[in-house]
Amino acid sequence: EGKVGAAEVIDAPRGGDRVKFASTVRLEDETGKEVRYWIVGSDEVNPATGRISVLAPLARTLIGKRVGDTVTAQLPAGTKTFEILEVNFPWTE
């Protein structure tokens, strides 16, 4: 009840090239593999479908970056570098 009472609905960004909360992000790693993520709140996390927490190391690294930027994130499996290919695209499952 406490969470619902304090909940705030935030619409996902529909444009722009900067990563922020609720953004969708398409990345390419150093091997050329593409992945996509949706940066969501901790109650909406589902890594199997690409929904990562805004508190996750990768999401924290991406926030504020733009399309074309290269980022290096310290992940549980080690350091990984990504190029941001696309931001704020419509999410389809």
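Strands β4 and β5 form a hairpin with two residues between them, where strands are DSSP runs of E of at least two residues and helices are DSSP runs of H or I of at least four residues, both numbered from the N terminus. This is a predicted model, in which local features need pLDDT of at least 70 and side-chain atom pairs count only at pLDDT 80 or more, whereas totals for chains, interfaces and linings use all residues. Residues are numbered from 1 along each chain as its sequence is written, and side-chain values use heavy atoms, with hydrogens and water left out.

**Strand pairing around β5**

- For aspartate 29, the bridge partner in β5 is phenylalanine 82.

**Residues with positive phi**

- Most residues other than glycine have a negative phi.
- Alanine 22, which lies in the loop between α1 (2–6) and β1, has a positive phi, near 80 degrees, and is a residue other than glycine.
- Alanine 22 counts as buried because its relative accessibility is 7%, where buried means under 20% relative accessible area, exposed means over 50%, and partly exposed is in between, with a 1.4 Å probe and protein chains only.
- Asparagine 88, found in the segment after β5, likewise is not a glycine and has a positive phi of about 60 degrees.
- At 6% relative accessibility, asparagine 88 therefore counts as buried.

**The protein as a whole**

- The protein has two helices and five strands, and from the N terminus on its elements run α-β-β-β-α-β-β.
- Of the 93 residues in the protein, 32% are buried.
- Among contacts (heavy atoms within 4.5 Å) between residues at least 6 apart in sequence, 44% join residues at least 24 apart.
- The protein exposes about 5900 Å², of which carbon and sulfur atoms supply 51%; accessible areas come from the Shrake-Rupley method with a 1.4 Å probe, and for residues only the protein chains shown count as cover.

How values were computed: Two strands pair if DSSP finds at least two bridges between them.
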